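This briefing concerns a single protein model. Please consult the sequence and the structure shown here before reading the points that follow.

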Amino acid sequence: MATAQQKLTAKELKIRITNNSKLYKTNIDKAYSELNGLLKQSVILKDSVSEMKLLDRKCRYFYSKNMMDSLIITSENLQKKSHLYNDIYFEAMSNIYIAEIYSMNKFPDKAISYLNSAYKILQKGDANSDRIFYAKSNVLNSFANIYLDKNQPKEAAKKIYEEIESGKQLKNKYERDNFQYLNYANLANIYSQYNVDSAYHYAKKSIMIKPGDVADDKSMIDNYSVIGKVYKDKKNYESSLKNYHKALFISKKDGTEINANQIYHSLKEIYEILNVKDSFDFYSDKIEQYELKTLKSKYNSLQEVINKDKKEQESSQNSFWYWIIPVFAAIGTTLFFTYKKRSKNTITGPETKPEINLGEAYHDLMELLEKRDPAFMFAFENIYPDFSKKLLANCSDLQQSEIEFCALLKMKLTTKEIAKISFIETRTVQNKKYRIRKKLDIPQNIDIYYWIDQI
């Protein structure tokens, strides 16, 4: 397979990238699994345009999965590459992604500065270019997201109206309808915070205008979520549940997770009202798992944000540091107490490095695994604090699920034990081991357990 990839021509690579783009619209996880191989091939062929296109796609994937820690690393890589290759579009897009990260970490002023940089970069481009047009639209959309993060939905709506107005210049009806379908979905999502009638109107308008051959995506998830919220507010729980489950179905099929937690919270509230205990418990667990996962990702991304800002400001004093450190500490404290709440036998990371009883620790970790407790990774990383960092140093593209799988290997669980705990087939475990070996570039003559144990 590797030999076949090395023989790819530039034309074949472009065909594969086009096919990957189509796949991304229907199944982002499957599309993502192809990206690293395509990226390596683009570097071999010295195809800078393909390389940036694929990096941009990875950024969109991490954004859709709410993986802010991976997003900041990839967006900075895109920023460096696009500057090196003098590509205005991708340099602007990298600034937009970084702005989103700052906004989600509650630093709106820094986010706005990156969006302003993106807009200045785009001003150098051809105003009649479609790529420049869509990039400018992304800037407006990100401004709207920042205003939402600042709890200013009316200001956010103004930015989307600007996008809608700009869309009138698109002469092709199909392109215009697809563009406005996205905008109306965004507008519906914004209005859901303060005007349910307008929210319902724009969600329905978005659904109506969507071209028939366009696959359901994040915008359609937003539409059904908004309609579900409107019915929930009106106490029409049957219709609300129907629409929320439509949104979840698309989310599961497509792989987009960015707004999944809002849906889980709404479903939990409805099932509590309806006194359906099983469903209430199910979505309570979903919320806890999601929040543990995203909180850790946010914590990691905040570390990256701090390091990035420190490099920018190290030559001058900046009041930024007087308030960023308390925020960072607050998130760390939240992580600690979230884990403590979930586990009676908390394994703490000592400051003076006393001896850890590995036998007891292993027993506690196994208990968490058997209960499928999402706090497992927090307990594991208290014992092996540098484990994830060292793995990512070997391969920055490892997903969280792959790091967790490596943690099971670190615990020396056999294939059968992993299959039993994870409720998967032994063959699936073997396939995962193979993929991990390939990603981490572990030589065939070295036992994977031995290699992981050295981490």
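This is a predicted model: local features need pLDDT of at least 70, side-chain atom pairs count only at pLDDT 80 or more; totals for chains, interfaces and linings use all residues.

**Geometry of the helix pair**
- Helix α8 covers residues 130-149 and helix α10 covers residues 173-191; their axes lie 11 Å apart and the helices pack at an angle of about 5°.
- Because angles under 35 degrees count as roughly parallel, α8 is described as roughly parallel to α10.

**The protein as a whole**
- The secondary structure consists of 23 helices and 0 strands.
- The protein has 455 residues, of which 48% count as buried.
- Of the contacts between residues at least 6 apart in sequence, 62% link residues at least 24 apart.
- The accessible surface amounts to about 24,500 Å², and carbon and sulfur atoms account for 50% of that surface.

**Residues with positive phi**
- Asparagine 151 is a residue other than glycine with a positive phi, near 60°.
- The position of asparagine 151 is in the loop between α8 and α9 (153-166).
- With a relative accessible area of 60%, asparagine 151 is exposed, because exposed means over 50%.
- Aspartate 441, also a residue other than glycine, has a positive phi near 55°.
- The loop between α22 (426-440) and α23 (448-453) contains aspartate 441.
- The relative accessibility of aspartate 441 is 65%, so this residue counts as exposed.

Note on methods. Residues are numbered from 1 along each chain as its sequence is written. Side-chain values use heavy atoms; hydrogens and water are left out. Axes are lines fitted to C-alpha atoms, for helices over the stretch in contact, and angles run from 0 to 180 degrees between N-to-C directions. Helices (H or I, at least four residues) and strands (E, at least two) are DSSP runs, numbered from the N terminus. Angles under 35 degrees count as roughly parallel, over 145 as roughly antiparallel, 65 to 115 as roughly perpendicular and the rest as oblique. Buried means under 20% relative accessible area, exposed over 50%, partly exposed in between (1.4 Å probe, protein chains only). Contact means heavy atoms within 4.5 Å. Accessible areas come from the Shrake-Rupley method with a 1.4 Å probe; for residues, only the protein chains shown count as cover.
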